[in-house]
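Colleague: Before I rely on the labels in your description, I would like to hear how each was reached.
Modeller: Then let us take them one at a time, with the structure in view.

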Amino acid sequence: MRRRFTSLGARFLKDGQMLGPIDYCFWIAGFLLALYVVVWSVYRREFFRYFTLNLYMLCTALVTVGQYVCIQKFGLISINYFYFYHYTDSLLTILMLTVIIQLYLEVFREMPVSRYIKGAALFVIVATGLVSYAVVDQNKSRLVTKFVLELSQNLNFVGVVFTYVLWVAIVKLRETRARLVQLVLALGIYYSGTAVTYALGNLFPAFLKTYAWRWLPPLFGTWLPLAWAYTFTRVSEDARVTTSTVLAGEQ
Amino acid sequence: MIAALIYVISVAAFLQFFVSYCRSIISASRRVELSERVREITGIVGEDVPAEDFERLLQLVHLCRESADDGTKIRAVQTYYLLLRVIDYVTRLVMPGVTAWVEREREGCSYFAAVALDRRISLESDQPPQQTTGRF
């Protein structure tokens, strides 16, 4: 939803293109879906059960509003928008890590390992923050160039790895909660799809000038609130699924 | 080099997540028994639904009034079905063993479409008659 309006997106738009109706459709759809997830959780009294997930959706919606205001006030290719985007993006990345941690805790809730998961998670968050800070500090001059693309690609890839390990844990522990399975799989699609897009941009700079680059990030960005909204609305907490069937298909 | 590695791993992860997501949707529909009415309309006999029926069933689904909650699922499974067709086309000559697996997966997609059709027909028949006139 929000990745559409990156500085890289702006670079694409510099070539004489403007934000069109489809851009705004993605934006509005993502914003409304994120709000829907939060409102639905409050309505079903499940807000605190999936607290970090709801917090992430709420923050995503708020950041989207902030981005809109920023674009209207300073313009899409302004330095103000550039910094607003990157600061909020870092915040959302850390928030997303807490979402993954909560999903880990849900999967391992019957095992006395929550202390270790929280400890490991804290380490990962602090380490990610420190490494990112160090890398950004050393690459100040390149921040507007290829570096941004590399950083986004790497952060998304970290998300892919975490989600994949979580998925393996779900399979190994024979987790049957359909809602949890679908939340994790939707997250995996989002992260891997976004990482593929950024990696393509890194590998083939010409890709940054194509329509695929313009539409893929917002498509994956809208996918996540859409899939989560569907899961919360249609998959009840009691619904069960056999992970072996999901892995191997119907026999 | 790192970008290429990330690209390859992420594509593999994306395919696995996507296939698993679609299967989780399809497996939920597998537990649903098809009604006599939908069997009569579609000519489905027995427990399995032929893989080739997917597109025909989907056309029938689209003739019914759209339900607010199944559009995303149908589109996801439709994409999965297309992906399976591509896999089938590519691997038919190189790896014939994959064809049986693809066929089974496509049958699952067809069964999902039949369940979706069944559900939409029941929703249609729950509506007042004047609202459903001309839909079929």
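This is a predicted model: local features need pLDDT of at least 70, side-chain atom pairs count only at pLDDT 80 or more; totals for chains, interfaces and linings use all residues.

Colleague: Why is Leu149(A) called partly exposed?

Modeller: Leu149(A) has 19 other C-beta atoms within 10 Å; a residue is buried if that count is 20 or more and exposed if it is 12 or fewer, so Leu149(A) falls in between and is partly exposed. In space, Leu149(A) is 8.3 Å from Ala199(A), C-alpha to C-alpha, although 50 residues separate the two in sequence.

Colleague: What makes α7(A) roughly antiparallel to α8(A)?

Modeller: The axes of α7(A) and α8(A) come within 9 Å and cross at roughly 175°. Angles over 145 degrees count as roughly antiparallel, and therefore α7(A) is roughly antiparallel to α8(A).

Colleague: Which residues meet there, and how do they divide by class?

Modeller: Among them, Leu183(A), Ala186(A) and Tyr190(A) in α7(A) meet residues of α8(A) that include Leu216(A), Phe220(A) and Trp223(A).

Colleague: How many residues does each chain give to the contact between chains A and B, and which helix supplies the largest share of the chain A side?

Modeller: Chain A gives 30 residues and chain B gives 22 residues. On the side of chain A that touches chain B, the largest share, 15 residues, comes from α7(A), and by class that side has 18 nonpolar, ten polar and two charged residues.

Definitions and conventions
Residues are numbered from 1 along each chain as its sequence is written. Chains are lettered from A and ligands numbered from 1 in the order in which they are written. Two residues are in contact if their C-beta atoms, placed from the backbone, lie within 7 Å. Helices (H or I, at least four residues) and strands (E, at least two) are DSSP runs, numbered from the N terminus. Ala, Val, Leu, Ile, Met, Phe, Trp, Tyr, Cys and Pro count as nonpolar, Asp, Glu, Lys and Arg as charged, and the others, Gly among them, as polar. Axes are lines fitted to C-alpha atoms, for helices over the stretch in contact, and angles run from 0 to 180 degrees between N-to-C directions. Angles under 35 degrees count as roughly parallel, over 145 as roughly antiparallel, 65 to 115 as roughly perpendicular and the rest as oblique.
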